[in-house]
Amino acid sequence: MMSSQTKMVGGAAMYPTKNIIENAVNSKDHTTLVAAVKAADLVETLMGEGPFTVFAPTNEAFNKLPNGTVESLLKPENKKTLQTILTYHVVAGKWNASDVVKLVKDNKGKATVKTVSGGTITLWLKGKDVYVKDENGNSAKVTIADVNQSNGVIHVIDKVLLPKS
């Protein structure tokens, strides 16, 4: 069964029997994301029942943001903004790659979905690759799809998505 496969992300096995947080903390490519989730007090939420679909930016994706952005977002006074940005990467429900591709094809090449933060992201295909576009027109490529979790699925992306401010 495809959904029960263990995938490697950031040098660590991502077990489908563990939840999003239990797996993410082991990925060396997602230390910034994990630090941000902790600073935003979203650990308990993402350990919850879900299901959630998380578009998870890598450390490299966070490094593409302007200098000082991550440090600024991690400050306690910016917690609300950080929560909004992080929940903008989460969609309710479990959307595996095949579900995303079907949704995009059913919607004539682009599908707009609501995020947990209340914003929208647009999913589209370029060849066999899935891309996610934020409300500002920035696109991120899904580099590792279908990292199944006990409470959803993670798709690793190469850019940070930002909601309209």
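Q: Which residues does lysine 79 touch, not counting residues up to four places away in sequence?
A: Lysine 79 touches Ala39, Ala40 and Asp41, where contact means heavy atoms within 4.5 Å. This is a predicted model, in which local features need pLDDT of at least 70 and side-chain atom pairs count only at pLDDT 80 or more, while totals for chains, interfaces and linings use all residues. Residues are numbered from 1 along each chain as its sequence is written, and side-chain values use heavy atoms, with hydrogens and water left out.

Q: Where is lysine 79 found?
A: Lysine 79 is found in helix H6. Helices (H or I, at least four residues) and strands (E, at least two) are DSSP runs, numbered from the N terminus.

Q: Is lysine 79 buried or partly exposed?
A: Lysine 79 is partly exposed, because its relative accessible area is 29%. Buried means under 20% relative accessible area, exposed over 50%, and partly exposed in between, with a 1.4 Å probe and protein chains only.

Q: And what about glutamine 83, buried or exposed?
A: Glutamine 83 also belongs to helix H6. It is buried, since its relative accessible area is 18%. Setting aside residues up to four places away in sequence, glutamine 83 touches Ala40 and Leu42.

Q: Which residues of H6 are buried?
A: They are Leu82, Gln83, Ile85, Leu86 and Thr87. The cover over these buried residues includes H2, H5 and strand E4 (90–92).

Q: At what angle do H2 and H6 pack?
A: The angle is about 125°, and the axes of H2 and H6 are 9 Å apart. Axes are lines fitted to C-alpha atoms, for helices over the stretch in contact, and angles run from 0 to 180 degrees between N-to-C directions. H2 is therefore oblique to H6; angles under 35 degrees count as roughly parallel, over 145 as roughly antiparallel, 65 to 115 as roughly perpendicular, and the rest as oblique.

Q: Which residues make that contact?
A: H2 contributes Leu33, Ala36, Val37 and Ala39, and H6 contributes Lys79, Leu82 and Leu86. By class, the contact of H2 with H6 has 6 nonpolar, no polar and 1 charged residues. Here Ala, Val, Leu, Ile, Met, Phe, Trp, Tyr, Cys and Pro count as nonpolar, Asp, Glu, Lys and Arg as charged, and the others, Gly among them, as polar.

Q: What is leucine 86 in contact with, leaving aside neighbours within four places in sequence?
A: Leucine 86 is in contact with Leu33, Ala36, Val37, Ala40 and Leu42.

Q: How many residues does the largest nonpolar core have?
A: It has 27 residues, and those with the most contacts inside it are Val37, Leu46, Val54, Leu86 and Ile154. A nonpolar core is a set of buried Ala, Val, Leu, Ile, Met, Phe, Trp, Tyr and Cys residues joined through side-chain atoms within 4.5 Å. Another core lies apart from it, with 16 residues, among them Val104, Ala111, Val130 and Val132.

Q: Changing topic, where is aspartate 41 found?
A: Aspartate 41 is in the loop between H2 and H3. Although it is not a glycine, aspartate 41 has a positive phi of about 55°. Aspartate 146, in strand E8 (residues 139–149), likewise has a positive phi of about 55°.

Q: Which peptide bond is cis?
A: The bond from glycine 50 to proline 51 is cis, with omega near 5°. Proline 51 lies in the loop between H3 and E3. Most peptide bonds are trans, and most residues other than glycine have a negative phi.
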